[in-house]
Structure formats: structure tokens, C-alpha cells
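Please go through this protein model with me. I would like to know what the structural terms rest on when they are applied to it.

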Amino acid sequence: MGNGWHEWPLMIFTVLGQCVAGGFIVMALALLNGVDDRAQQKRVQWAMIVLWVLMGIGFIASILHLGSPLRAFNSLNRIGASALSNEIASGSVFFAVGGFWWLITVMGKMPAALGKLWMILTMVLGVFFVWMMCRVYLIDTVPTWYSVYTPLSFFLTMFIGGPLLGYLLLRAAGVTGWGMRLLPVITLAGVIVSTVVVLLQGMELATIQSSIQQASALIPQYGTLMSWRLALLVVALVCWIVPQLKGRQPNVGLLTLAFVLVVAGELIGRGVFYGLHMTVGMAIAS
């Protein structure tokens with residue numbers, strides 16, 4: 001039994017990667033549809049450096065998990081045949097394509113039409129990256145992971161953390177209009193769906209067992225840990241939404257706190273996920 005914290009490099013990599021993918025989509029949509037002022041566009045573009053810093057932190061964490069940079073290169077040897085290789089490759093392509101778009105854009109060298117197509121391509125690559133993350137853990141010999149709850153949880157992190165990260169960076173760039181009022185609603189919906197997933201998965205764990213293990217016994221504190229996770233997400237939403245209900249925009253400091261709370265909550269959830277690892281010879285799902 002364990003709580004999964006020993007997999008902290010993977011926890012950081014997956015959570016930050018999913019938040020960055022969602023955050024990029026939000027900011028790219030703002031640039032494509034809502035931010036027309038050239039000076040404001042430039043501020044938004046510069047603010048996007050935070051996305052690539054976070055993505056870089058995630059990749060550094062993933063390398064620490066592999067043990068050395070050389071192993072990271074070796075992990076690309078089986079692209080197309082290995083889910084792990086596909087994950088690293090898709091993440092690297094998303095990081096490289098998005099980062100190169102950002103660099104050329106802030107240098108003022110990106111043609112407008114090409115820049116729009118490039119942003120759309122990067123958004124698609126971000127979603128593909130998250131899906132490739134899911135595929136790594138959909139292993140039929142690990143019944144606690146081989147479930148619809150794995151892709152649901154990964155994409156929900158993108159829908160919970162991405163809008164908040166995008167809102168934070170847009171707010172830091174001085175954007176107040178566009179569709180920003182919709183973003184808290186998306187995160188709120190993500191938290192509600194995530195709560196349902198936690199409850200359903202908790203019930204499913206009681207039905208999974210092998211000749212030597214009961215899935216629900218892997219993490220006896222499942223309910224407590226998930227309650228803490230959901231509490232952190234709710235507090236983050238309060239920090240984000242309450243100022244708007246009072247007719248003012250939340251400041252960058254409060255939004256930063258909210259994002260830190262979301263990341264902390266999702267790291268707890270991801271730790272639980274890794275703690276539920278259960279390899280079996282013969283599993284019984286009743």
C-alpha cells in the first residue's frame with residue numbers, strides 16, 4: 001500500500017502538462033477571437049512565456065523520473081509502438097512547436113495568417129499530448145487504471161487548471177473583456193464532474209480485487225485525500241469567483257494563489273492515482 005508520492009516527478013509532469021495544454025488553448029483563443037489591440041496582443045504573447053516555463057519544469061521532472069537525460073532520449077526509440085515513447089514525443093512536439101511559435105511571434109517575425117494556423121496546430125497538439133498521457137496508463141493488467149476514469153481525470157485537470165491559468169495570464173496582460181466570464185464556469189463544471197468521478201471511482205474500487213489484493217485497500221485514505229483535493233479546488237474557485245460577484249476583477253495575486261491551490265489539489269489527486277497502481281495476474285471485477 002502507498003499514496004503514490006514516490007512518483008512525484010510524474011505527478012508534476014502530468015499535472016503541469018495538462019494545465020499548460022489547457023492554458024495555451026485559452027490564450028490562443030483569446031488572441032484569435034478577442035484581443036484586437038496590438039499592444040495588448042503583445043502583452044498577452046509575452047505573458048505566455050509562463051506556459052513554456054511551466055512546461056519546462058514538467059519535462060525536467062519527467063527526466064528526473066527516468067534517472068538521466070540519456071534515458072529520456074532512449075525513451076523515444078519506440079515511437080508508434082510504445083505508449084511511453086508516444087507520450088514523450090507528443091509532449092516534445094507540443095513544447096517545441098508552441099515554443100517556436102512563441103519565440104518567432106514575440107520577435108515580430110511571424111506572419112499573421114501563418115501565426116493563426118500555427119496556434120490552431122499547437123492547440124491540437126496540446127490535446128493530443130494529453131490523450132497520449134492517458135494511453136500510457138490504460139494498461140489492461142492494471143485494473144485500477146484500465147478504466148474510463150483515467151482519461152476523464154487527466155482531461156478534467158486540463159479543464160480545471162487550464163482556464164484558470166489562461167485567465168491569470170490574460171489578467172496579468174491587462175485583458176478584461178473577451179470571453180473571460182465563461183472561464184470560471186468551465187472550471188466550476190470541471191470540479192463538479194470531477195466530484196462525480198471521485199464518487200464513482202471510489203465505489204468501483206470496492207469491486208476490484210485479485211487473489212492477494214483489494215483495490216480499496218491500496219489507499220485507505222482515499223476519501224480523506226480526495227476530500228482535501230476537492231476542498232482546495234473549491235477554495236481556488238472562491239478566490240476566483242467571489243471578487244467577480246462583487247463587481248470587480250480578481251487581482252493577479254489572488255489568481256496566482258488560486259492557481260497554486262488548484263495545482264496542489266490536482267497533485268493530491270494524481271498522487272492517489274499513482275498509489276492505486278495494482279498489477280495482477282488474475283483480477284476479479286465483481
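The questions and answers below set computed values against the definitions behind the terms.

Q: What kind of model is this, and how are its residues numbered?
A: This is a predicted model, in which local features need pLDDT of at least 70 and side-chain atom pairs count only at pLDDT 80 or more, while totals for chains, interfaces and linings use all residues. Residues are numbered from 1 along each chain as its sequence is written, and side-chain values use heavy atoms, with hydrogens and water left out.

Q: How do you know what span to expect of helix α1?
A: The expected span is 1.5 Å times one less than the number of residues in the helix. Helix α1, residues 8-33, has 26 residues, and 38 Å is expected. From first C-alpha to last, α1 reaches 37 Å, which is close to that value.

Q: What span does α10 reach?
A: α10 has 24 residues and reaches 34 Å between its first and last C-alpha, close to the 34 Å expected.

Q: Why is Thr14 called buried?
A: Buried means under 20% relative accessible area, exposed means over 50%, and partly exposed is in between, with a 1.4 Å probe and protein chains only. Thr14 has 0% relative accessibility, so Thr14 counts as buried. This residue lies in helix α1, where 20 of the 26 residues are buried. Over the 286 residues of the protein, 52% count as buried.

Q: What does Thr14 touch, and what makes that a contact?
A: Contact means heavy atoms within 4.5 Å. Not counting residues up to four places away in sequence, Thr14 touches Met133, Tyr137, Arg270 and Tyr274.

Q: What makes the pairing of Thr14 and Leu10 a polar contact?
A: A polar contact is a pair of N or O atoms within 3.5 Å; within protein, one must be able to donate a hydrogen and the other to accept it, and residues adjacent in sequence count only if both atoms are side-chain atoms. A polar atom of the Thr14 side chain lies 2.8 Å from the backbone oxygen of Leu10.

Q: Which residue caps the N-terminal end of α10?
A: Asn251 does, with a side-chain oxygen 3.1 Å from the backbone nitrogen of Gly253.

Q: Why is Gly253 called partly exposed while Ala258 is called buried?
A: Gly253 has a relative accessible area of 49%, so Gly253 is partly exposed. Ala258 has 0%, so Ala258 is buried. Gly253 is found in helix α10, and Ala258 is also placed in α10. Leaving aside neighbours within four places in sequence, Ala258 is in contact with Leu164, Ala236 and Cys239.

Q: How many cavities of 30 Å³ or more does a search of the whole structure find?
A: The search finds one. The largest cavity has a volume of about 190 Å³. Its lining has 17 residues, with Ser153, Gln201, Met226, Gly269 and Phe273 closest to the centre. The helices α7, α8, α9 and α10 each supply at least two residues of this lining.

Q: Why is Gln201 called buried?
A: Gln201 has a relative accessible area of 9%, so Gln201 is buried. Gln201 is found in helix α8.

Q: Which residues lie nearest the centre of the largest pocket?
A: They are Gln41, Gln45, Thr105, Met110 and Ala112, out of 16 lining residues. The volume of the largest pocket is about 390 Å³.

Key:
Helices (H or I, at least four residues) and strands (E, at least two) are DSSP runs, numbered from the N terminus. On a 1 Å grid over the protein atoms alone, a cavity is a set of points where a 1.4 Å probe fits but cannot get out, and a pocket is an open set with protein on both sides within 12 Å along at least five of seven lines; lining residues have an atom within 4 Å of a point. Grid points are joined across faces, edges and corners, and a volume is the space filled by probe spheres set on the points.
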